[in-house]
Amino acid sequence: MLPISAKDVVRFTPRVELLSWLRDRLAEAATDEQREALDRQIDKVQGEIDAAPQPVYLLAVASHLQRAAFRRDLTATGATYAGDATLYAALREDLEAVAPVNLPELLTIVDEVEAAGKPADASPEVRDRWPGITRVARALGGRFAALEGDQEFYLSVAPIVACRHFLLGWENVDAPFTRRGNLTTDETLAALEEGEMQAIGFKAMNLMRPTKALEKNSASPSRSASSPRHSQTAQKHLTAPRGSSTESATSETPASA
């Protein structure tokens, strides 16, 4: 069984969660340059939060059946996610196929990026070389380019499908909210900016793998008397008891299972 009841609803405020994530990264920053960049981002996000009431999105925690329905609809789009290990393996294969004179050096760079987890976490020299390597690999039109295209398509489509299935309502959004056939309509989602919809979708997908903190605090938090009312559609679906909610970071790459 899932550790959270499928009747629970999680309240998600993208900028508030982003601010928390940035502060965590600030605490981990290793250089003055990183700290200054993060300070600027934190000030910007905090200013946006202070400037206006923030949208709050009401997300369902998926049941096993709902997860299966989500996977079915995602598969129907043709979206696939091979994973970074497969992507790096394909990059090595394509480089080996053309056998440039500096192949050992290029393969070492690929190894370092994979060991670091992502290009941004590799050494400065490797970060500088990486865009040129991937640009050449794309131009080859081999397996790396195909898998990278599949991955980009997945990351674009998966959050949209997740929003259709798991977005139940919203607050502080000046647009009507409608669900039809147990899915949020495309007309409703059209009111959201692309970045906002991706944040919501990834959050919903991450809820399929709840953190231990979320397991302990799964119900949506109490609303004060000054809190805005839910949309009519949201009210129909909100059956969870009032409690507290701790959400996972939006930066995680979600799984479709």
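Arginine 92 forms a salt bridge with glutamate 114, and the closest N and O atoms of the two are 2.5 Å apart. Because arginine 92 lies in helix H4 and glutamate 114 in helix H5, the pair ties together parts that are 22 residues apart in sequence. The model is a predicted one, and a search of the whole structure finds 13 salt bridges in it.

**Helices H4 and H5**

- The axes of helix H4 (residues 84-98) and helix H5 (residues 103-116) come within 10 Å and cross at roughly 175°, which makes H4 roughly antiparallel to H5, since angles over 145 degrees are counted that way.
- On the H4 side the contact is made by Ala85, Tyr88, Leu91, Arg92, Leu95 and Glu96, and these meet Leu103, Leu106, Leu107, Val110, Asp111, Val113 and Glu114 in H5.
- Sorted by class, the contact of H4 with H5 has 9 nonpolar and 4 charged residues, with no polar residues.
- Arg92 and Glu114 both belong to this contact, and they are also the partners in the salt bridge at 2.5 Å between the closest N and O atoms.
- Arginine 92 counts as buried because its relative accessibility is 18%, which falls under the 20% limit, whereas glutamate 114, at 30% relative accessibility, counts as partly exposed.

- The side chains of arginine 138 and glutamate 148 meet in a salt bridge with an N to O distance of 2.5 Å.
- This pair links distant parts of the chain, with arginine 138 in helix H6 (residues 124-140) and glutamate 148 in helix H7 (residues 143-166), 10 residues apart.
- Arginine 138 is partly exposed, with a relative accessible area of 41%, while glutamate 148 is buried, with a relative accessible area of 17%.
- Aspartate 186 and arginine 164 likewise meet through their side chains in a salt bridge, here with an N to O distance of 3.0 Å.
- Aspartate 186 lies in helix H8 (residues 186-189) and arginine 164 in helix H7, so that this pair, too, links distant parts of the chain, which are 22 residues apart.
- Aspartate 186 counts as partly exposed at 43% relative accessibility, and arginine 164 also counts as partly exposed, at 29% relative accessibility.

**A salt-bridge network**

- Arg15, Lys44 and Glu48 are linked with one another in a network of salt bridges.

- An open sheet of 3 strands has the order S1-S2-S3, and the pairing within it is antiparallel.
- Strand S1 (9-12) and strand S3 (167-171) are the edge strands, each of them pairing on one side only.
- Neighbouring strands of this sheet are turned against each other by 25° on average, if direction is ignored.
- Strand S2 (residues 56-60) pairs with S3 in the antiparallel sense over 4 bridges, and leucine 59 stands opposite leucine 167 in S3.
- Helix H9 (residues 194-206) packs on the sheet, where it touches S1, S2 and S3, and the direction of H9 makes about 35° with that of S2.

Terms used:
Residues numbered from 1 in each chain as written. Predicted model: local features only at pLDDT ≥ 70, side-chain atom pairs only at ≥ 80, totals over all residues. Heavy atoms only, no water. Axes fitted to C-alpha atoms, helices over the stretch in contact; angles between N-to-C directions. Helix = DSSP H or I, 4+ residues; strand = E, 2+ residues; numbered from the N terminus. Parallel < 35°, antiparallel > 145°, perpendicular 65-115°, else oblique. Contact = heavy atoms within 4.5 Å. Nonpolar A, V, L, I, M, F, W, Y, C, P; charged D, E, K, R; others polar. Pairing = 2+ DSSP bridges. Salt bridge = Lys/Arg side-chain N within 4 Å of Asp/Glu carboxyl O. Buried < 20%, exposed > 50% of the residue type's maximum accessible area, 1.4 Å probe, protein only.
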